[in-house]
Amino acid sequence: MTDAAIEYATVFQALPGMVALLTTEFVYADVNEEFVRLSGRPREQLIGHYLFDVFPDNPNDPAATGMRNLEASLCRVLATGERDTMALQRYDVEDPERPGEWEERYWSPVNAPLLGPDGKVALILHRVEEVTELIRARGRSGGSRGGRARVLEAELYTRARELQELNDRLRQAHSREREVALALQEAMLPAPRQVGHHRAAVRYRPAVGALNVCGDWYDLVDLVGGDRIGVAVGDVVGHGLEAAGVMGQLRSALSAASRVAEGPAQALDVLGRYAHVIDGAESATAVTTFIDCVRHVITYSSAGHPPPVLVHPDGRTEFLDQATDTPLDARPDPIPRPQAETTFAPGATLVLYTDGLIERRREDIDTGLDRLADALRVHRDQDPETLADTVLLELLPPGGATDDTALIVVRL
């Protein structure tokens, strides 16, 4: 290796195969030399021009779908931020030297996202391998063997088209399932709102690869008797619709229990007895806090859950970890859970979260807790909405967490 700077523009131009950079509006931003040569179009007819103006479908073929399929693939890259490999495509191209005459062409395209500093798709890398000559060569091989090769090639093309159509139907089915999941999430979790006179922000991030629902949950309730509010989070093992169903039952039960319980420990006692008879609630955890805004006292209890963080106005962070007990269904015959309290000054911030925010593989949990405390201390003057976004940005991995995450920030 040398210390010489790599000229990436030169590397791009020398890449084998046809490679182009497209904007998010599908306009050519750059093409390599092989793209110019094999497409038969000079750079000035490509750069700055809309892809489908340069390469429209063959108007003489009413069954042509190459343009539609390519556009769908590019749109998927924009929507998901993930690479999309297309099936073998027939996409005829107009002869640049004989306008109106179209050449039968076959392509194998791959479209990949190039992300900007904000994590969003900034450009699309469009790479194409032309396989037209391979198909034609097999057809010209002569005799029965050549004819058989042509038949097999046609069969392969047909199966590739069928596979793409099946993938399209699967994507549509996944999209409908995701819509159901989002509706379920909105029905089960309370909308962000102001609790009493206090501003609150909530965030909900499912694990990478999961539907937009998971087993993590949060709750905010106005308690009976004076200026008091209840804030809680919980975590059900697993992902997807089944875990979300269990989550909804536990959240609703704790919300109801909190309104009549003498304190958070009693509310968790009731929830623990309920969790013991719910399939799928095994090892579920929860922490709940009762906040007396007149006395400036937080009373809390935890059932196997990571401790909330109280950020004092002077920047001191306090983990509420003096009343931690076993998960909700750990005991066949539950005993009273512990309960503790602490005081706060106006302007303090209370933060509750689930373990997806702080836990990382092959890393001690204390490292994640320290990282959270540092972020909250540094950014404590931000309003709850901004602070919630900042915490997620600094603590979650760039590619997304492998576990679900719920976060709630309340300014006291």
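A: Happy to! Let's take strand β13, residues 297-303, in this predicted model. Of its 7 residues, 7 are buried, so β13 is largely enclosed by the rest of the structure. Buried here means under 20% relative accessible area.

Let's turn to the side chains. In a regular strand they alternate between the two faces of the sheet. In β13, Val297, Thr299, Ser301 and Ala303 point one way, while Ile298, Tyr300 and Ser302 point the other way. Residues on both sides are buried.

Now for the neighbours. Strand β12 (residues 285-292) pairs with β13 in the antiparallel sense, over 7 bridges. Within that pairing, aspartate 292 has valine 297 of β13 as its bridge partner. The two strands form a hairpin with 4 residues between them, and histidine 296, in the turn, has a positive phi of about 60°.

β13 also pairs with strand β17 (residues 340-343), again in the antiparallel sense, this time over 4 bridges. There, isoleucine 298 stands opposite threonine 342 of β17.

Strand β16 (residues 324-325) is another partner: it pairs with β13 in the parallel sense over 2 bridges. Here alanine 303 has aspartate 325 in β16 as its bridge partner.

To put it together, β13 has antiparallel pairings with β12 and β17 and a parallel one with β16, and the strand is largely enclosed by the rest of the structure.

Definitions and conventions:
Residues numbered from 1 in each chain as written. Predicted model: local features only at pLDDT ≥ 70, side-chain atom pairs only at ≥ 80, totals over all residues. Heavy atoms only, no water. Buried < 20%, exposed > 50% of the residue type's maximum accessible area, 1.4 Å probe, protein only. Pairing = 2+ DSSP bridges.
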